[in-house]
Amino acid sequence: MIITVTLNAAIDKTLAVPNFRLGRRHRAVEQTSMAGGKGVNVARALKALGQPVIATGLAGGPTGTRIIEQLTEEAILNDFVRIREESRMSTAVVDPTSGEQTEINERGPAVSEAELELFVDKLLYLAKGAAVCVFSGSLPRGVDPGLYGRLVTELHRLGVLSVLDSEGEPLRLATRAGPNILSPNELEAEELVGHEFADEEDRRTAVREIVELGAREALMTRADGCLALVGSDGDPARPRRLCRATLEPLEPVSSVGSGDAFLAGYVAARYGGGEDLDCLRFGVACGAESTQHFGAGVVDPREVERLVGEVQIDVEGAPALAPARVAS
Ligand SMILES: Nc1ncnc2c1ncn2[C@@H]1O[C@H](COP(=O)(O)OP(=O)(O)OP(=O)(O)O)[C@@H](O)[C@H]1O
Ligand SMILES: [Mg+2]
């Protein structure tokens, strides 16, 4: 079983608005509303890829009820902790004329200590039957930024692979706890390593630094694929390699959640025992395919299979690393 964690679950509304301009009145030509938040998107994509997945996290108020109902309608197994404050709505405006998209995320509920401890208990219980746990997205207000780090450590003890896609302080602290897989986009990676990337050498340095900070593997995504440091020094079956997986960008319908679909693809392939380079290929194909749909985390597995063959893989060597400063 794969667990996805969404502490800031939401109802994601996507509106298609041609010629979107600030300060004007518009009519949406298309709209969807579905359960969202990054972990939920990952769960949706994993389910579409045929993987056993359970979505957990926090959900509150009528919006929380809608999130759980919509997941259940989609037959995505779920087990959320109910909280007192209302879950948030997130709105994305996609302009089909320019291809640009604007996202507005509401602030989200504050979570009490007691609610959070209920969640931690639930997660550790679910983890007994799981092989992988994916933590995605921001932490709700009032939650200790060290929470992901603490959970990564707990899961490590239980022998569960931890996967992390977050940002800011929670990401920085969790990286030090030694998550198995870290998957930032370029902006999140720049913030994590503390410098901007001017060229490819900076990017290669950054994925190395992410591993030196504590992550076992780093997958840094961008619109044309990903730059990854996979494998480990102690495992001859999975040698440490710096790899680039690229695919010609597609004309997107909506690229909201493409990072989540990428991660679901990579995790699905790893869960299935795939070879590292095949996992990267599959992840990049899933990220790309998801841009052809309006909803976040929506992927068509047949189209993914078609795209897999078009992903180009370049192995750029086996970099020497400074010893990881993992807290474990
Ligand atoms: N236009 C596109 N065409 C093909 N693939 C794309 C396109 N945009 C994104 N992707 C794929 O999706 C993956 C994730 O991309 P990106 O780095 O933009 O994610 P992200 O910023 O984390 O997105 P989100 O947080 O909204 O899920 C990449 O592997 C990339 O290959
Ligand atoms: Mg992302």
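Helix 6 passes helix 7 in a left-handed crossing, a term used when the near helix is turned anticlockwise from the far one by less than a right angle, with clockwise giving a right-handed one. This is a predicted model, in which local features need pLDDT of at least 70 and side-chain atom pairs count only at pLDDT 80 or more, while totals for chains, interfaces and linings use all residues. Residues are numbered from 1 along each chain as its sequence is written, and chains are lettered from A and ligands numbered from 1 in the order in which they are written.

Back to that first pair. Helix 6 covers residues 186-193 and helix 7 covers residues 200-213; their axes come within 10 Å and cross at roughly 60 degrees. That angle makes helix 6 oblique to helix 7. (Under 35 degrees counts as roughly parallel, over 145 as roughly antiparallel, 65 to 115 as roughly perpendicular, and the rest as oblique; axes are lines fitted to C-alpha atoms, for helices over the stretch in contact, and angles run from 0 to 180 degrees between N-to-C directions.) Helices (H or I, at least four residues) and strands (E, at least two) are DSSP runs, numbered from the N terminus. Where the two helices touch, Ala189, Leu192 and Val193 of helix 6 meet Ala206, Glu209 and Ile210 of helix 7; contact here means C-beta atoms, placed from the backbone, that lie within 7 Å. By class, this contact has five nonpolar residues, no polar ones and one charged. In that count Ala, Val, Leu, Ile, Met, Phe, Trp, Tyr, Cys and Pro are nonpolar, Asp, Glu, Lys and Arg are charged, and the others, Gly among them, are polar.

Next come helix 4 (residues 147-158) and helix 5 (residues 168-176), whose axes come within 7 Å and cross at roughly 25 degrees. Helix 4 and helix 5 are therefore roughly parallel to each other, and helix 4 passes helix 5 in a right-handed crossing. Leu147, Tyr148, Gly149 and Val152 of helix 4 make this contact with Pro170, Leu173, Ala174 and Arg176 of helix 5. Sorted by class, those residues are six nonpolar, one polar and one charged.

Ten strands form an open sheet with mixed pairing, in the order 5-4-1-8-9-10-11-12-13-14; strands pair if DSSP finds at least two bridges between them. Strand 5 (78-83) and strand 14 (312-315) stand at the edges with a single partner strand each, so one side of each is left without a neighbour in the sheet. Within this sheet, strand 9 (residues 161-165) and strand 10 (residues 181-182) pair in the parallel sense over two bridges, with Leu164 opposite Leu182 in strand 10. Helix 1 (residues 38-48) packs on the sheet, where it touches strand 1 (2-6), strand 4 (53-60), strand 8 (132-136) and strand 9, and its direction makes about 150 degrees with that of strand 1. Helix 8 also packs there, touching strand 1, strand 8, strand 9, strand 11 and strand 12, at about 170 degrees to the direction of strand 8.

Helix 8 (residues 258-271) has a helical partner too: helix 9 (residues 276-290) packs with it at an angle of about 150 degrees, their axes 7 Å apart. Helix 8 and helix 9 are therefore roughly antiparallel to each other, and the crossing is right-handed.

What about ligand 1? Of the 21 residues around ligand 1, Thr221, Ser258, Gly259, Gly287 and Ala288 come nearest; a residue is near if its C-beta atom, placed from the backbone, lies within 6 Å. Strand 11 (217-222), strand 12 (225-230), helix 8 and helix 9 are the elements that give two or more residues to this shell. Helix 8 gives the most, with four. By class, the shell has ten nonpolar, nine polar and two charged residues.

The other sheet described here is an open one of four strands in the order 3-2-6-7, again with mixed pairing. Its edges are strand 3 (30-36) and strand 7 (101-105), each with a single partner strand, so one side of each is left without a neighbour in the sheet. Strand 2 (residues 10-16) runs antiparallel to strand 3, joined by seven bridges, and Asp12 has Met34 as its bridge partner in strand 3. Strand 6 and strand 7 are also antiparallel, over five bridges. They form a hairpin with six residues between them, and Gly99 in the turn has a positive phi of about 80 degrees.
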